[in-house]
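User: I have a model open and would like to go through it with you. Could you take me through a few of its parts?
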Amino acid sequence: MSAQHPKGGKIPYTQSMMNTSQISQSMRGYAFEPKSWENRVVLITGATGGLGAALCHRLGKAGATVILMGRHRARLEGIYDELIAAGAPEPAMIEQDFKETTPEILQGSADVIMQNFSRLDALVHTAAHLGELTPIQVIDDAQWREAFDVNVHAARDLTMACLPLLSQTTRASVLFTLDNRTSAYWGGYGVSKAAVTALTTMFADETDNLLDDNQHPKVAIHGVQPGPMRTRLRRRAFSGELEHESPLADEQAGAFCYLMDRVEPNASGTIWMES
Ligand SMILES: NC(=O)c1ccc[n+]([C@@H]2O[C@H](COP(=O)([O-])OP(=O)(O)OC[C@H]3O[C@@H](n4cnc5c(N)ncnc54)[C@H](OP(=O)(O)O)[C@@H]3O)[C@@H](O)[C@H]2O)c1
């Protein structure tokens, strides 16, 4: 028995090995060169969150036009104002609740980006639904499904919608933010985040035939599992933790910048983990 591969040929029946690497000190401390992202466009989901906002600021400082995606208009306007005040190029905003989205709606967002900017250089998924941390057997069904809608379905649909546009630029990337929470009580968040890890490696495997003139992946696709960050999500998950016990989100942003800069132009499909 054999199956047809979407890229042509047969699907190899080999056990794929997940390519994992530790985030090095140099990745952690990485920063964009000033102005190095001028005239480039980046879409950040969860732009109103701790990590998302930190990445928006780093990109804005480097001259990128950032498309802020989030579900609350007032919060989006808050980060928009902060970027303008910091001297970043004027950002764009897309208001979208991932609990209520469809592949068609997210294709519409990609179309709007195409019409307004004619390019997309990076897509960074930071949005996440934490939901109830409770045993799987008693979890509220709606909470369980919402975790998958936000963390998996929206991330998949948006990636699919954006890939054609991303593959038209050079040195493009898609970054998924991961979290390894497969022990008791992490509920829909833990299980859906495990699915995002698989989604990352499958997207990377299935696009590894898209190469530029230098035989590098047109779109590098990576997963990043950051360490603890002092954010709303963290406060909800670890309510007893003191403020100073987890670092600011910006301290975890270096690895994302390193990957968006395509420092290792041939690399794709790696799950990068904070030690
Ligand atoms: N904090 C940590 O210690 C830690 C550790 C490992 C991994 N992570 C991962 O890091 C990423 C960023 O999280 P964070 O720590 O920065 O948390 P955060 O500050 O709570 O940010 C989460 C973001 O997701 C957005 N979001 C939530 N539900 C949404 C929905 N239904 N539709 C659209 N957007 C939605 C939030 O929007 P609102 O602003 O509207 O709420 C917010 O912008 C997540 O993927 C998380 O899993 C975090």
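Analyst: Let us begin with Thr-207, which counts as buried because it has 22 C-beta neighbours inside 10 Å. A residue is called buried if 20 or more other C-beta atoms lie within 10 Å of its own, exposed if 12 or fewer, and partly exposed in between, with C-beta atoms placed from the backbone. This is a predicted model, in which local features need pLDDT of at least 70 and side-chain atom pairs count only at pLDDT 80 or more, while totals for chains, interfaces and linings use all residues. Residues are numbered from 1 along each chain as its sequence is written.

User: Where does Thr-207 lie?
Analyst: The loop between helix H6 (187–206) and strand E7 (219–225) contains Thr-207. Helices (H or I, at least four residues) and strands (E, at least two) are DSSP runs, numbered from the N terminus.

User: And which residues is Thr-207 in contact with, leaving aside its neighbours within four places in sequence?
Analyst: Those are Val-219 and Ile-221; contact requires C-beta atoms, placed from the backbone, within 7 Å.

User: Which residue stands opposite Ile-94 in E4?
Analyst: That residue is Met-69. Strand E3 (residues 65–70) runs parallel to E4, and 4 bridges join them.

User: Which way do the residues of strand E5 point?
Analyst: From E5 (residues 122–125), Ala-122 and Val-124 point one way and Leu-123 and His-125 the other, and all are buried. In a regular strand, side chains alternate between the two faces of the sheet.

User: What stands opposite Ala-122 in E5?
Analyst: Val-42 does, and Ala-122 also stands opposite Ser-173 in E6. From E5 the chain crosses through helix H5 (residues 141–166) to E6 in a right-handed β-α-β crossover, meaning that, with the strands pointing away from the viewer, the path from the first strand over the helix to the second runs clockwise.

User: Last topic: how many residues surround the ligand?
Analyst: There are 28, and the closest are Gly-46, Gly-49, Ala-128, Thr-231 and Leu-233. A residue is near a molecule if its C-beta atom, placed from the backbone, lies within 6 Å of it. Helix H2 (50–61) and helix H7 (232–237) are the elements that give two or more residues to this shell.

Methods:
Pairing = 2+ DSSP bridges. Contact = placed C-beta atoms within 7 Å.
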